[in-house]
Amino acid sequence: MRLLLVLMALLVATPVFAQEDRGEQGGEDAELALGPDVESTVGPPAGPVLTGEALDLRTDTLSEVMRCPVCQGLSINDSPSESARNMKRQVRAMIAAGYDDDQVLLYFETAYGEFIRMVPKAKGFNLLVWIIPVVGLLGGLWLVMGTVRRREDVASSGALPPSAKQKPRESEDTLDPFLAQVRAELGAAAASEELDRE
Amino acid sequence: MDHAFLGRALILLSIVFAASGAVVGYAGGRRRTEAAHQWTKRLAYSFGGALILANVVMIKALLAHDFAVSYVAQVGSRSTPTHITIVSLWSSLEGSILFWGAVLGIFTVAFVWKEADKHRDMAPYSIATILTIGTFFGFLIAGPANPFLDTPLPIPQDGPGPNPLLQNHILMIVHPPFLYAGYVGMTIPFAMGVAALLRGRLGAGWMRPIRTWMLLPWGFLTAGIVLGGWWAYEVLGWGGYWAWDPVENASFLPWLTASAFLHAAMLQERRGILKGWTLILLLATFCLTILGTFMTRSGVFNSVHSFTQSPIGPTFLVFLAIVMVACTILVAARMHLLTPEGEVRSPVSREAMFVMNNMLFVFFTFLVLVGTVFPLLAEAVRDVKISVGEPYFNRLGVPIAIAIVFLMGIGPALPWGKATDKEALKVLTVPMSVGFSTAILGAIFGVTQPLPALTLFVSGFAGFVALRDMAAPVLVRHNRGGVAWGTAISEAFWRGRRRYGGQIVHLGVAIMAVGIALSSSYQKVAEGVLDAGQTMMVGDYTLRFDGTRQETHPHRRSTIATMTVQKGGKTVGILEPRMNHYRMQMNPIGTPAVRSSFTEDLYLSVMTIDPNGSYVGMRAFVNPAIYWIWIASGIMLLGCIIAAAPSLLFARAPLPAGAAGARA
Amino acid sequence: MSGFDDFPDAAGGGISAKAVLVGLAVVSPLILILALGFGRDPNVMDKPLNGKQAPDFELPRLVDGKLTGLDDLKGKPLVVNFWATWCRPCAQEHPNLVQAARQWGEDVQFVGIVYQDKNEAVNAWLDRNGGKAYPTLIDINAKAAIAYGVYGVPETYFIGADGVIRDKHVGPIPWPVLAEQVRKLRGGAS
């Protein structure tokens, strides 16, 4: 399909796709500097202070579930855009300072809204997005069981619907348990392939 | 030559042909006269011809840079290369709907030519249905999405050119036509289904041609989806190929129901059950293509593919509603003809596996649909924007997909009818062991995460079943019948080609599942800023930045980073990821460089680059098993061609001479 | 080849009401939900900070690098404009902001925050596009922008003297809109 940047995107210079880092790069200190008002927004750090590989791993994992607001539905971990990388830096800074996942998400949510979460908070109305599929799956399983079991009851009770179409299949059915053996014989192998011919 | 006027005239003609053809077809279908049949055919050919010609006119206008035509003024440019100019036919909304018309025209002509005289009782109805849909699209092209309007004066000397992303990669040229062929092609089997409902001819045997005409767009759609993923991978720079974007989901939904239909149709053919269900799947597939088009063009969904809201959105929604209600009424009117003629005897049987497979496919469809439209509902109810993204779809969808692959193995392994536990065990033991071995082999190579390991198990299991099913008739012929290998293979193949086609597709699916599992779970990433001469490591590779160079084209200026790739101390290649500045775009767009091998891809994406070559910011990925996905899709397509082509190309298959005596 | 009269049309059986109801039950919610999407632009983001306290930043000034925060600017209503040199609409709106600052700078404090840009480019750009009528701050790694929920430039925030964000404008701000927002900040005086 053809891609067309939305007209709005031409008005607001939102960074999209792979985009150059055009900003001033601070040093390591600037990387880990917490943005404004972190503690006043989310409270004191409630998680462990992480460093090194553990820090990187948690940052990546958390960034996977945060949405880059301007990219095509990519997480800030996946998106190569500068905004996403800046957000990831902030996530990293917060985790390095000891804030836990919920606090980081709350900080971003306060600024950007619920949209920033790739998976909706499982609360209130949002629960439906989880409940509906589960109900659907259970319903589907119930229907399948109905289709399969009910027929078995009918068959075992012997009350087969009489129909001319039934007869040829009947003979194929009685052959079925032996089909594996019969298929070893050339004649039946050809016979079963008959059904697949044009 | 006044291209705009000619184009408008052709579109108008196509509407006239389509509308009159539909009327003649439906009326003629009732009265069944030879004249009606012939006229329906003629009008269908004319409709197709008019739309195809309109597209030719547009291409001519684009190539001639005739900016008096509104669409050319919108996407044309004197500085774009010729092949891109042709491709810009489908680069923007109006042109893409015109292109839709061309594809519909081609399918209409092909269908009428191949099938109209073979099925005279059905043909007028099916053609009339196609033409009704054609009338709608004709109105769209003539009305809200008209590319042939006159550009308001003053006529510009040059235009902005198509979206730069179209100009980055050859895949973007190939992806839309395949996807369109898949989408638009679903109209044909839909029309055949509607014809059968109208005719009331729903007994045994009507499924066969519908199945064939469903295989064709299914194949195109598979190719289109894979090409889209491949393009996203090669061009967008984030190292992935699927993001559960609403428009990606839109293409996936009809694929799922079409796959379910192909299986349900087999079940209906053998057992005479699930007739209504099969029919509903058929109708739903077409409805989902309209839904998908709506999702892409209405501007209602947040997606990179989407356009701003235009009157075309409500038009599509109304059309979708009408189609769905009409299908409901049609099916309801023929319910009495949809009674089953057989039954599923036991849960341990191929039929039961087919039923389960269908349920899973449809559930997957339902899941993707819920996830995609839920944000709309939530926003309407709570007035808050939310997103339902990748983690949601992966968490719920991956287990379903694994279950489907598992069924792909059990289904063909179990016999039709009722199998005892002993028989089931006999046919399942070896494949299960192969599955286990595959998983253990993977664990030895480092695949220890649960979901990828499980995927290896089910893929090994299902893949082996497919191979065994393909080998068995050949072995039987050779060992018991004393037939030479060559003849055994060609005979078995030719007589059972539809099944062979299906098994090859299954093989492809198994391989693709493994590719997807491994590439998702074992990706390695590294990021760094390199000065000239500096190196960074990712996986087993060492990357050295060797400076930049500039390339200037009329439509873009690229800064290219030269990266030398070393593995095990030896230089294995040079990769050149780019940062492109398009003349007409404000933001630069990068193009990644990919080095593909059978086992893994090395993928480099430029984050930041100094035009003077003093530094580059690079993101590097090692993506294992990516190529297996593309190869697997090729295998799936091969299977599709094997299953469909002979029926489409030949009216009747000649019997191989040697098998004449073997026919019971 | 099937001829015309081999298969007569099936005998009419009436329309199954149950099937129609089931069908409509499936179709209607889908159409309804999709229709709900009209009238809402999926690309317009929420403005969750409207009505909340403006995040307190501490950013270096372009001119001398001195760290400046909300405290230094408090007491007056505030107009905070996020922009960048590579952003074409920013160049379009900058003269409006300069004009507004000159006209109402006594009552309302204007501040520009540079987003994802390099210092050298900023000075030149300001000179080219209307001059330096108000302080410009440099936001390294977009920390302040993130706190404010900026997702692109230009974006302009209107903050009351009490530090509460009154409103936010996304995109280049036209003069009438700017004048009206400033008027509201000044308490309705024109």
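The model is a predicted one, in which local features need pLDDT of at least 70 and side-chain atom pairs count only at pLDDT 80 or more, while totals for chains, interfaces and linings use all residues. Residues are numbered from 1 along each chain as its sequence is written, chains are lettered from A and ligands numbered from 1 in the order in which they are written, and side-chain values use heavy atoms, with hydrogens and water left out.

The contact (heavy atoms within 4.5 Å) draws 47 residues from chain B and 39 residues from chain C. Two salt bridges are counted between chain C and chain B, a salt bridge being a side-chain nitrogen of Lys or Arg within 4 Å of a carboxyl oxygen of Asp or Glu. One of them pairs C:R40 with B:D383, whose closest N and O atoms are 3.3 Å apart. On the side of chain C that touches chain B, the elements that give two or more residues are α1 (17–36) and α3 (88–104) of chain C, where helices (H or I, at least four residues) and strands (E, at least two) are DSSP runs numbered from the N terminus. The most is given by α1(C), with eleven residues. By class, this side of chain C has 24 nonpolar, ten polar and five charged residues; Ala, Val, Leu, Ile, Met, Phe, Trp, Tyr, Cys and Pro count as nonpolar, Asp, Glu, Lys and Arg as charged, and the others, Gly among them, as polar.

Chain C also holds an open sheet of five strands in the order β5-β4-β3-β6-β7, with mixed pairing; two strands pair if DSSP finds at least two bridges between them. Strands β5 (136–139) and β7 (165–170) of chain C stand at the edges, each with a single partner strand, so one side of each is left without a neighbour in the sheet. From one strand to the next, the twist averages 20 degrees. Strand β4 (residues 109–115) of chain C runs parallel to β5(C) and is joined to β5(C) by four bridges, and C:G112 stands opposite C:T136 in β5(C). By contrast, β6(C) and β7(C) run antiparallel and are joined by five bridges, with C:D167 in β7(C) as the bridge partner of C:F158. The hairpin of β6(C) and β7(C) has five residues between the strands, and in this hairpin C:G163 takes a positive phi near 90 degrees. Helix α6 (residues 175–185) of chain C lies across β3 (78–83), β4, β6 (155–159) and β7 of chain C, and runs at about 20 degrees to β6(C); axes are lines fitted to C-alpha atoms, for helices over the stretch in contact, and angles run from 0 to 180 degrees between N-to-C directions.

Most residues other than glycine have a negative phi, and most peptide bonds are trans. The peptide bond from C:V153 to C:P154 is cis, with omega near 0 degrees, and C:P154 is found in the loop between α5 (143–148) and β6 of chain C. A cis peptide bond also joins B:L153 and B:P154, with omega about 0 degrees. In chain A, A:D37 has a positive phi of about 60 degrees although A:D37 is not a glycine.
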